Amino acid sequence: MNSSADHIPSFKRKPRAPLAIACLSAALGILAFVALHLLFPLPDKIEYSTIITDNKGETIHAFLTKDDKWRMKTALDEISPLLSTTIIQKEDRFFYYHYGVNPLALIKAAAKNLFQGRRASGASTITMQVARALEPKPRSYTGKLVEIFRAWQLEWKYSKEDILQMYCNLLPYGGNIEGVKSASLLYFKKDPDHLSLAEIVALCVIPNRPSSLVPGKNNQEIERQRNRWLQKFADEKVFTRQEIQDALTEPFDASRNAAPKLVPHLAYKLKRSFDGPVIESAIDMNIQLKTEKLASDYARGLQLKNIRHTAVVVIDNQSKKIIAYTGSADFTDTIDGGQVNGAAAIRQPGSLLKPLAYGKCIDKGLFTPRSVINDVGINYDGYAPENFDKQFNGYVTLQYALEHSLNIPAVKSLALLGKDELISSLAFCNFQQIRKDQRKLGLSMILGGCGATLEELTGLYTAFASEGLYARPGFLNAPSADRPYRVMSPAATFMINEILTKVNRPDFPLNWQSTEHMPQIAWKTGTSYGRRDAWSIGYNKRFTVGVWAGNFSGKGVPELSGADIATPLLFRIFNAIDYDSDREWFSQPPDCDIRQVCSETGLPPGEHCHNLATDYFIPLESSARACNHMQEIMVSADEKIAYCRSCLPHAGYKKKLFRTMAPEMQQYFDERGISYQKIPAHNPDCERIFRDGQPAILSPRNGSEYLISRKNPEPLQLKCRPGSDAEKIYWHINNRFYKVSQPNDVQFFIPEEGPVKISCTDDKGRNKDIWIRIRYVDL
């Protein structure tokens with residue numbers, strides 16, 4: 001009997017050597033490919049033309065590449081389904097099914113080449129055509145092998161969409177035009193995603209014979225080739241019958257156009273500042289074209305006054321984006337500096353920083369709009385500011401000082417605030433030149449003694465339209481990562497806005513016609529020293545507009561002023577871009593309240609205040625000190641002698657109210673013959689008069705050195721501010737009597753060389769001494 005083992009069938013193992021050899025060959029092939037890929041990296045760096053787009057993505061400016069090519073990058077979202085379908089159906093219908101090389105097409109092409117004895121077909125896929133465009137080589141079998149290797153490299157490194165995008169960007173269109181986007185813009189004046197089927201097919205045909213199919217020269221042949229392919233697509237049912245019929249009936253009348261060159265000043269600025277083939281600006285072309293036209297027309301009229309240039313910047317207050325930018329009235333004017341960018345030029349800002357200084361003073365509790373400031377002559381260590389009209393105004397409110405753009409109150413305010421406080425805020429607001437010069441700047445910066453650009457100043461004024469929050473204006477149509485910086489409180493901003501909104505003020509343009517529409521805006525003007533720059537910056541809820549006018553050469557013009565030259569253009573721009581600007585205005589914020597104040601000082605009313613007015617203030621910040629502009633003085637019965645508590649007699653006196661008046665204001669009234677109620681002379685028998693009220697020498701300055709010409713020596717001025725009860729002033733030079741004068745008279749003398757002691761004594765015996773040094777020079 002056979003065992004069960006005898007019935008078990010036996011199997012022969014199949015040899016596994018071919019499978020192992022195949023796997024090993026594949027591994028070696030992959031390793032060889034990787035090694036070759038590392039040894040011969042893919043030359044895939046493509047230099048594109050830089051293009052600038054507007055806020056809608058439309059191309060508004062384009063630049064040549066370094067090799068003078070128009071090679072504009074076609075974005076993925078610009079490759080429409082119509083465009084991709086046409087390219088793939090015409091060039092490589094199996095594009096999405098092969099790995100860079102179509103083996104069947106290669107075999108077919110090889111057979112044709114073999115039997116026909118010539119290269120009848122290259123079997124190049126889209127990927128292989130990209131490889132050939134990246135690394136052009138003479139047509140040969142070796143070149144084809146390199147092309148295949150590069151195609152594999154492309155497929156390994158990039159997606160199919162990326163390869164198709166590269167193909168669209170490298171197609172030759174004759175001359176210096178490469179890529180679908182370049183051809184679309186230069187031949188059809190539109191972006192690729194706006195092309196019709198007929199235009200797309202035409203652009204797919206031209207690269208086969210770019211030298212003989214030139215739009216504008218060979219349009220009939222291009223149309224014939226286009227229609228031939230459209231018929232082929234119809235036979236293959238690639239597109240609908242109606243789409244084909246519409247494309248066949250569409251005439252081809254394309255010709256080469258100039259590349260877009262809009263917003264040139266900003267375009268060059270963005271190209272220098274940002275990298276990348278496509279720079280997406282925030283420009284609104286509707287507003288840009290209106291602004292350019294107004295600036296150009298207005299500049300032509302100014303040429304009759306020898307004012308040749310204007311610049312304008314418009315910022316959207318909601319997005320904080322620069323939506324219009326005009327660097328000069330005519331960029332193409334090569335004779336008169338049209339290519340100079342006036343919007344980025346550093347100029348003296350005139351009075352444009354005054355609102356910021358006043359606003360910060362309000363925040364510090366130093367002032368409110370009705371606070372009274374003495375507008376009289378003052379000297380800060382040799383710096384004696386003057387008003388624009390060389391006049392003084394005496395008592396003025398902050399509101400009046402800002403409305404009339406008075407210089408002396410502005411300097412006094414900055415001195416109280418501290419210039420470093422203002423400089424710090426401007427540095428945070430990206431004022432580059434002020435940041436560089438901050439150690440050299442003084443009080444004169446509030447009158448324009450510093451450098452700023454129209455871009456920076458217009459950006460600063462967006463804070464007034466944003467409740468005191470400053471955000472750096474952006475050039476690009478992308479979210480900003482900058483955090484807003486608080487320049488002023490909402491309350492202070494509102495108070496300044498209320499002042500700058502008033503129409504009845506000196507800087508309202510005299511030549512503005514009453515029949516013209518007056519936009520609802522707040523605005524501030526500025527005129528630089530020597531009448532070299534005229535500024536006007538205005539804002540409402542929607543926009544902030546900055547206008548500059550002048551000469552790029554820096555030449556001053558007597559007629560140049562911010563009010564009469566820059567402001568009319570500002571008004572016209574607002575009328576053009578936001579005619580109904582009065583629909584919405586700034587509302588009073590919660591941190592701003594209203595109170596009654598004494599109209600004489602702007603302080604809360606005291607016991608003797610009878611003339612009251614309403615004023616804005618910031619609770620817990622604005623001064624709560626009661627007004628004491630009237631003081632009670634004890635005088636003799638005949639009101640000829642005043643007493644203090646030290647010399648007050650037991651009887652024979654009475655009390656009388658007198659206005660508290662600083663010596664500088666007494667001098668102001670005396671010099672102009674303005675009558676006021678003077679406090680009687682103090683009791684001559686009182687010992688206190690020798691401790692208080694000594695004269696202050698205003699000129700010359702104590703401790704200063706003066707250089708005097710030997711040939712034409714000019715005298716030095718002697719001027720003092722005496723006590724209110726002084727009637728005579730006695731001057732001594734080097735302990736020798738020189739002259740006697742009335743308290744407010746000005747004297748002159750020619751000093752000796754070397755140290756000089758100057759003494760000033762009043763008729764009450766009060767004395768003040770100073771020392772100066774004199775040096776004679778040959779001038």
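**A guided tour of the predicted model**

Begin by selecting Leu426, which touches Leu353, Leu356, Phe431, Ile434, Met445 and Leu460 when residues up to four places away in sequence are not counted; contact here means heavy atoms within 4.5 Å. The model is predicted: local features need pLDDT of at least 70 and side-chain atom pairs count only at pLDDT 80 or more, whereas totals for chains, interfaces and linings use all residues. Residues are numbered from 1 along each chain as its sequence is written, and side-chain values use heavy atoms, with hydrogens and water left out.

Of the 74 residues in the largest nonpolar core, Leu426 and Met445 touch the most other members. Such a core is a set of buried Ala, Val, Leu, Ile, Met, Phe, Trp, Tyr and Cys residues joined through side-chain atoms within 4.5 Å. Buried means under 20% relative accessible area, exposed means over 50%, and partly exposed lies in between (1.4 Å probe, protein chains only).

Next, select residues 490-501. This is helix H19, which supplies the largest share of the core, seven residues. Helices (H or I, at least four residues) and strands (E, at least two) are DSSP runs numbered from the N terminus.

Then select Leu83, Ile88, Ile200 and Val205. These residues are included in a second, separate core of 54 residues.

Move on to Ser413 in helix H15 (residues 407-417). Is Ser413 buried or exposed? Ser413 is buried, with a relative accessible area of 0%. Leaving aside neighbours within four places in sequence, Ser413 is in contact with Tyr358, Cys361, Phe367 and Ile373.

For a contrasting stop, select Tyr96 in the loop between helix H2 (81-91) and helix H3 (103-116). Tyr96 is partly exposed, its relative accessible area being 42%.

Finally, display the whole chain. The protein has 21 helices and 28 strands. Along its principal axes, the C-alpha trace spans about 155 × 90 × 60 Å. The radius of gyration is 41 Å, whereas a compact globule of 779 residues would have one near 28 Å; this radius is taken over C-alpha atoms, and the globule rule is 2.2 Å times the number of residues to the power 0.38. Of the 779 residues, 49% count as buried. Among contacts with a separation of 6 or more, 66% are accounted for by residues 24 or more positions apart.
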